Every structure is written in C-alpha cells, then in structure tokens.
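Subject: Handover of a structure, with notes

Dear colleague,

I am passing on the structure below, followed by an account of what was found in it. Please read the notes with the coordinates open beside you.

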Amino acid sequence: MRYVDHYESPLGSILLAADDVGLTGLWFEGQKYYAQTLSPEHEERELPVFRETKQWLDIYFSGQEPDFMPPVHMVGTDFQLMVWEILKQIPYGETITYGEIARRIAAHKGIPHMSAQAAGGAVGHNKISIIIPCHRVVGTDGSLTGYAGGIEKKIKLLSLEKADVTTLSVPK
C-alpha cells in the first residue's frame with residue numbers, strides 16, 4: 001500500500017509518499033514529474049516515516065544540515081539507482097556537475113565514457129527531492145540547469161545550504 005502526507009515548507013507545499021519500506025516520493029506541488037509514480041491507490045495517513053521526514057525537513061529549512069536520514073525506498077532502473085546513490089554522497093552546501101556524475105558511473109562500470117545527458121535524465125527523475133539532493137547538480141559550465149522544482153527553488157535550496165551560488169549562472 002502507498003501512503004501520502006503533506007508538508008508546508010518555506011518554498012511551498014510538499015507532497016510526501018511512502019510504502020511499507022520507506023519514503024518513495026517528495027515533490028514540490030506542481031513540479032515537473034509531480035507524483036508521477038504515485039499509485040492511484042493510496043491513502044493519507046500519518047506514519048513514523050512521515051514524522052521523521054518532517055523532522056528532517058524542519059532541521060533542513062532552519063538552515064542546518066540534518067544528521068540523520070529518514071528511511072527511503074528508491075525505486076528505479078539500475079542506472080537511476082546508481083545516479084541517485086551518487087546524489088546522496090554530495091556534501092551539504094557543495095555542488096557537482098552532470099559530467100562528474102557520468103564520469104563516476106563510467107569508472108564504476110569500467111567503460112571509457114558515459115553521457116552527461118543520460119546522467120541528467122536520471123537526476124531529473126529523482127523522486128525524493130531535497131533529501132536525495134538533485135538540487136546540488138549543476139551544468140559543466142556552472143549553469144543552474146535542470147531542477148524539476150524550478151531554478152528559483154534550486155537557488156534558494158543552495159543558498160540555504162550556504163553554497164557559493166555567485167559563481168553559478170542562470171540559463172537564459
């Protein structure tokens with residue numbers, strides 16, 4: 001069974017989704033791919049995973065780095081799961097590029113090259129926004145591209161983490 005709950009963040013309403021294993025979704029209302037993987041058969045319920053996630057988000061939006069991770073249940077292709085594991089390793093307040101993610105996957109697979117666009121596609125389909133920090137990924141040229149929640153939210157999240165956004169550019 002799938003369950004949902006809601007969280008009001010300083011950046012807007014967030015929909016939380018979970019199954020019996022852990023958190024399966026965290027989307028800003030109206031973002032690209034909003035609740036795309038959420039089963040029509042779900043119910044609204046207060047669960048321990050939602051209480052933990054809300055506590056994590058409260059700490060995060062207060063400008064601090066949470067020192068725990070709520071239980072997550074990432075569901076995707078093997079490639080997506082590899083990309084999302086890399087996202088989890090990006091330190092708070094830092095950024096990496098889509099190209100760096102592609103390089104890490106290529107090295108892991110023992111192949112000479114991996115497409116940054118393929119990595120970007122997997123980053124964009126991350127279902128657990130903020131906690132799996134896809135907002136910390138930028139273009140190779142330092143551009144703030146590709147955040148399903150919108151570039152404005154990406155800038156605010158990075159600023160909240162005190163990341164140096166002055167060197168990053170917003171695409172026209």
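Of the 172 residues of the protein, 48% count as buried; please keep in mind throughout that this is a predicted model. The secondary structure comes to 5 helices and 6 strands, which follow one another along the sequence in the pattern β-β-β-β-α-α-β-α-α-β-α. The radius of gyration is 16 Å, close to the 16 Å that the globule rule gives for 172 residues, so the protein is as compact as a globular protein of that length. Along its principal axes, the C-alpha trace spans about 45 × 35 × 30 Å.

Among the strands, β2 (residues 12-18) and β3 pair in the antiparallel sense, over 5 bridges, and the two form a hairpin with 4 residues between them. Within this pairing, I14 has F28 of β3 as its bridge partner. Strand β3, which covers residues 23-28, is largely enclosed by the rest of the structure, because 6 of its 6 residues are buried.

In helix α4 you will find A119, which is buried with a relative accessible area of 0%. Once its neighbours within four places in sequence are left aside, A119 is in contact with F79, V83, Y98, I101 and A102. As for R103, the separation from A119 is 16 residues in sequence and 9.5 Å in space, taken from C-alpha to C-alpha.

Two residues deserve a look for their backbone angles. Most residues other than glycine have a negative phi, whereas I130 has a phi near 70 degrees, a positive value. I130 is found in the loop between α4 (116-124) and β6 (137-138), and with a relative accessible area of 1% I130 is buried.

The largest pocket holds about 190 Å³ of space. Of the 14 residues that line this pocket, the closest to its centre are W56, E65, K88, I131 and R136. By class, the residues of the pocket lining divide into 11 nonpolar and 3 charged, with no polar residue among them.

A search of the whole structure for cavities of 30 Å³ or more finds 1, and the volume of the largest cavity is about 60 Å³. The lining of the largest cavity is made up of Q31, V123, G124, N126, S129, C134, G146, Y147, A148 and G149. Which classes do the lining residues of the largest cavity fall into? The lining has 4 nonpolar and 6 polar residues, and no charged ones.

With kind regards

Methods:
Residues are numbered from 1 along each chain as its sequence is written. This is a predicted model: local features need pLDDT of at least 70, side-chain atom pairs count only at pLDDT 80 or more; totals for chains, interfaces and linings use all residues. Side-chain values use heavy atoms; hydrogens and water are left out. On a 1 Å grid over the protein atoms alone, a cavity is a set of points where a 1.4 Å probe fits but cannot get out, and a pocket is an open set with protein on both sides within 12 Å along at least five of seven lines; lining residues have an atom within 4 Å of a point. Grid points are joined across faces, edges and corners, and a volume is the space filled by probe spheres set on the points. Ala, Val, Leu, Ile, Met, Phe, Trp, Tyr, Cys and Pro count as nonpolar, Asp, Glu, Lys and Arg as charged, and the others, Gly among them, as polar. Buried means under 20% relative accessible area, exposed over 50%, partly exposed in between (1.4 Å probe, protein chains only). Two strands pair if DSSP finds at least two bridges between them. The radius of gyration is taken over C-alpha atoms; the globule rule is 2.2 Å times the number of residues to the power 0.38. Contact means heavy atoms within 4.5 Å.
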